[in-house]
Amino acid sequence: MTFLRKTTPFYTLALFYVVVSFILRAILIFHPITQASFSFLETIKIFTLGFLSDLFIFLIASVFLWLYLIFISNSKYLKPYGYILFGLFVSLLIYIKFFNTILNEYGGVLPEIGFAFVAIKTVLFGLLLFLPKYRSKIRFWLFSFVIFLFVAILLQISISEYFFWNEFGVRFNFIAVDYLVYTNEVIGNIMQSYPVIPLFSVLYSVAGIVTFFIVKKSKNYIEEIPTLSEKLKISGFYFVLFGASLVAIPLLSNKENSDNIFANELQANGIYKFYLAFMNSELDYFKFYKTIPSDQAYSLIHNQIPGAQNESTERIINSNSPEIRKNVVLITIESYSAEFMAMYGNEQKITPFLDSLATKSMVFSNLYAVGNRTVRGLEAVTLCIPPTAGESVVKREDNKNKFSTGSVFKQKGYTVKYLYGGDAFFDNMQDFFGGNGYDIVDKKTFKPNEITFDNIWGVCDEDMYNKAIKVMDSEFKQNKPFFNHIMTVSNHRPFTYPNGKIDIPGDSKSREGGVKYTDFAIRKFFKLAEKQPWFSNTVFVIIADHCASSAGKTELPVDKYRIPAMIYSPGFVQPTHFNTLMSQIDIMPTVFGMLNFNYKSKFYGQDVLKADYKPRALIATYQNLGLIKDNVLTIISPKQEVKQLQLSLIPNPKVAIEFQLFYDQKPIAVPRKDLENETISYYQTASEMLKNKKYQK
C-alpha cells in the first residue's frame, strides 16, 4: 500500500472542499449584492489566496477525520484487550445513566446527549467485537457514514455562506455567531423563509452521491488497514501540515488588504471568519448600521446628557452638598425577571424577602436591563454604557482600563472588589474586572470548609454571602470605605441548591425553586449583615443582571427586559417608588448622586433623580439595538434597517399602574425621525468612543 493510497480519505475530501469553495466564490462574485468590479489581478488574488486559505482550513478541520482513522484497527478486538475495553465502555455508560456526573450538574439535555454518544460507541464497539464475521461490513458502513457526515457538513457550510452573503453581502461575522446563540429563533426564521425540505433533500442527495465516489476511491484504507508504523508516518506528515496551517492561515488573512471590501471578503475563508468573529466578539457598527454625521450624533447626545462636551460624554459632576463616604454593596442577581415579584403581579410567593425589602427601599419600578446575558448586565452596572453591537465589552480583547464604577470609587479612596461564587475565568470576568482595578474573590479563594454546596456554576448563594460577610468584616477593620460588587449564581440552570432550605426540594431543578432559594439566601445575608458594625453605614443596591427569558414575538419584547431594582439603606434612603423610565446603566450614577460625589464622568448613565434627567431606556440583543422613549420602541439593525413600534399598555387590573409589565408592540403609524436619530446617536457614539479608546479611565 503506497503512502498516497494510505492518505486517500484526506486528499479526496480536501479536493472536494476546495472545488466546492471555488464554485462558491465564483457564484458570490456574480451575485447581485456584490456591487463591485474586479481587475484581472484582483480576481487572480481572490482565487489563488482563497484556494490556499481553503486548503489550510481543511487541514485544521480534518483533525477529527485523523482521530477517527488513526484508531481503526483489528488488534484492539483481540482477547483480552477487546473485552476489557468493552467492559470500560459499559461501566462508563452505567455511570452516566445512574450516577451524578458533571453533565447532570449542568442539566438541560446534556445528560441525554452524553448518554446517547457513549451508548452508540458502546454498541458499535460491541458489534465489532462480538461479530467478527461481519466486522468488515460494519466498518465499511461506519466509514461511509463518517465520510457522508464530512461531505454533508462541508456542503451545508457552503450553502449557509451563500445565504449569509445573500443577506449581508459578507462572509460569516459576529451575526453568524449570534445565530448560534439564538438557535430557536434562527431555525424558525429559516423554516419560514426558505423551502427547507426541498433544499435539504437536494443537499443530502448530493452528499450521498459524492460520498459514494469518495468511498469507492478511498475504501482501501479500511480494507488494508495501515500498520502502527504506517500510522505513525501518516500522523507525522499530518502534524507537519497542521503546524504549517496554523502559521499560514493568519498570514493569508493579513493579505486581505484591498481597498475593495468585496475583494477582501471573497478572498477570505468563511470558517476562519466565523472563528475570528467568535474570538473577537465584535460587530462593526459603522459597516452594518445606519449612521448620521458625527457632529449631529454628538449634538444629540449632549442634548440628552447635560454638560457633555466635544466628541465625548465627558462632563463634570458637582454636588452642592458634602460627599458622603458610605460603603456600597451592589448585588446583581442572576436571571431575575421583574415578573417574579409580587408587586409586578406574581402570585406564587417565591420572593417573600425581596417583596418585604421593597417596602423599606427606594424601588425603581420602571427600569429595563440593557441585554439578555450576564456579561451585558455586568457591563451596564460597571461601565454604564449602551450595549454596543456584538459581544459585551466584558468579553472583548480591549476591555481594560475603562472608565468604570470601580474607578470612581477608587478615586474616592474605596477598596473595590468583585465577588463571584463561581470561577471568574468564566465569561472573561477575571480578565475584565482584574483589568479594571477590581480585586477578585471567587470560588478559587474559598477554603474547603467554606463550601457547603456547589454545582457546575459555583458555590451556592449562602456560601457566597457568608464569604462576603467575612470579606467586609476584614475591610471594615482597615478603616476604609468599601465597594463590593456581588454576582449571584444559584438562580441558573440546573437550579440546584441545598435541600431543606425552602419548601421546594433543591434537586427538583425548577426555576421557581431557584428564584425562591435566591430570595432565601439574600434574607440570610441581610440577617447576618444587620449584626455587623459596618451595616448602618452601608448602601445596598439590588438589581438583576437580566431577565430569565428573552424570547418573545418581536425582536425586542420589552417585558423580557424589565428587571427589579432597589436601593436599601435604613435611615439614609427613604422608602419610595421611583416610577420614571430608566435604564440599567443609570443605577450606579444615581447612587453616586445620592452620595453627593464630585467627579469627572464619561458615563452614558445618569443620575435619574436630577431634574434635568430625560427618561429613556436602552435594550438590545447582540445585533438589534433599541431605545424606548415616548412609548415608542425604535430598533436599529444590521443592513441599515430601522423599525419603530408603538407601545400600548395591556393593563392588568390586579397590578398597580407603576408595575404594569406588558405592552402591545405594533408598527408606528407615523415614523418618528427624531427618535430614530436619537437611537442612532446613542449607539453610534458609544461604538465610536470604544473604538477610538475614548472610554478609558
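Ser294, Gln296, Ala297, Tyr298, Leu300, Ile301 and Gln304 of helix α17 touch Asn677, Glu678, Ser681, Tyr682, Gln684, Thr685, Glu688 and Met689 of α25, where contact means heavy atoms within 4.5 Å. By class, that contact holds six nonpolar, seven polar and two charged residues; here Ala, Val, Leu, Ile, Met, Phe, Trp, Tyr, Cys and Pro count as nonpolar, Asp, Glu, Lys and Arg as charged, and the others, Gly among them, as polar.

All this comes from a predicted model, with pLDDT of at least 70 needed for local features and 80 or more for side-chain atom pairs, while totals for chains, interfaces and linings use all residues. Numbering starts from 1 along each chain as its sequence is written, and side-chain values use heavy atoms, leaving out hydrogens and water.

The axes of α17 and α25 are 8 Å apart, at about 105° (axes are lines fitted to C-alpha atoms, for helices over the stretch in contact, and angles run from 0 to 180 degrees between N-to-C directions). The two helices are therefore roughly perpendicular, a label for 65 to 115 degrees.

Now for the sheet. Eight strands make an open, mixed sheet ordered β6-β5-β9-β2-β10-β11-β3-β12. Its edge strands, β6 and β12, each pair on one side only, and the twist averages 15° from one strand to the next. Pairing takes at least two DSSP bridges; β5 and β6 run parallel with three, and one of these links lysine 417 to aspartate 439 in β6. Helix α22 lies across β2, β5, β6 and β9, at about 170° to β9.

| Element | Residues |
|---|---|
| α17 | 294–304 |
| α25 | 673–691 |
| α22 | 461–476 |
| β5 | 415–420 |
| β6 | 439–441 |
| β12 | 576–578 |

Conventions: Helix = DSSP H or I, 4+ residues; strand = E, 2+ residues; numbered from the N terminus. Parallel < 35°, antiparallel > 145°, perpendicular 65-115°, else oblique.
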